[in-house]
Amino acid sequence: MADAQDPNCIFCKIIQGKIPSRKVYEDDDMFAFHDINPWAPVHFLLIPKSHIPSMAQVTEAHAALLGRMLVKVPQLALQEGVNPYPEGGFRLLTNTGAEGGQEVHHLHWHVMGGPRPWLRG
Ligand code: 5GP
Ligand code: ZN
C-alpha cells in the first residue's frame, strides 16, 4: 500500500486527484494515466503510489511492487489499444536523473505503442 507522498510532487497530486488526469488503471499500489504530451498513439505512465523519486532509489524492499507493476505493463498496453506482439508491441522506458532525461522526480514508466510513425521515440 502507498506510504510516503510528497506534497510538492505533481504525480503525487495526480494520484490524489488534486491534479486531473486521464486514468488508465489504479489499485492499492500503482496508478496509470495518459501522458499529457504523448509521443505515440498510445502513451501512458505507470507509477507507484508511494513517492519513490526514481529508479536510483529502488531497493530490494521494492522488488515485489516493481514486479507487480511490470506484470501490469503488457495487460494495460493491450487494454489501451496497442497491437498484439510481434507485429504490434510497445516500448517501456524509464528516465533516471538529469542525464537520463528525467523531468518529473516520481518514478514513472512510459509505455508507448500503436502504429508508427510516432512523434518521438
Ligand atoms: P520524464 O521526462 O520525467 O521521463 O517524463 C515526464 C512525463 O510526464 C512527460 O512525458 C510529460 O509529458 C508528463 N507529464 C508532465 N506533467 C504532466 C501532467 O501534469 N499530467 C500528465 N498526464 N502528464 C504529465
Ligand atoms: Zn510523488
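Before clicking anything, here's a term you'll want: a polar contact is a pair of N or O atoms within 3.5 Å. Also keep in mind that what you're looking at is a predicted model.

**Stop 1: the whole chain.** Show the protein as a cartoon and you'll find 2 helices and 5 strands. Start at the N terminus and follow the order of elements: α-β-β-β-α-β-β. The radius of gyration is 14 Å, close to the 14 Å that the globule rule gives for 121 residues, so the chain is as compact as a globular protein of that length. Along its principal axes, the C-alpha trace spans about 40 × 30 × 25 Å.

**Stop 2: ligand 1.** Now select ligand 1, and you're looking at the space of the largest pocket. How many residues surround ligand 1? There are 16, and D35, N95, E103, H108 and H110 are the closest.

**Stop 3: the polar contacts.** Pick N95: a polar atom of its side chain is 2.8 Å from an oxygen atom of ligand 1. Next try H108, where a polar side-chain atom also sits 2.8 Å from a ligand oxygen. For D35, the distance from a side-chain N or O atom to an oxygen of ligand 1 is 2.5 Å. On its own, ligand 1 has 520 Å² of accessible area, and the protein covers 86% of that.

**Stop 4: the shell.** Then highlight α1 (10-15) and β2 (30-34), which each supply at least two shell residues. The largest share, 3 residues, comes from α1.

Key:
Residues numbered from 1 in each chain as written. Chains lettered and ligands numbered in written order. Predicted model: local features only at pLDDT ≥ 70, side-chain atom pairs only at ≥ 80, totals over all residues. Heavy atoms only, no water. Near = heavy atom within 4 Å. Polar contact = N/O pair within 3.5 Å; in protein donor to acceptor, adjacent residues only side chain to side chain. Areas by Shrake-Rupley, 256 points an atom, 1.4 Å probe, with all protein chains shown as cover. 1 Å grid on protein atoms, 1.4 Å probe; cavity = no way out; pocket = protein on both sides within 12 Å on 5 of 7 lines; lining within 4 Å. Sits in = over half its atoms within 2 Å of the grid points. Helix = DSSP H or I, 4+ residues; strand = E, 2+ residues; numbered from the N terminus. Rg over C-alpha atoms; globule rule 2.2 N^0.38 Å.
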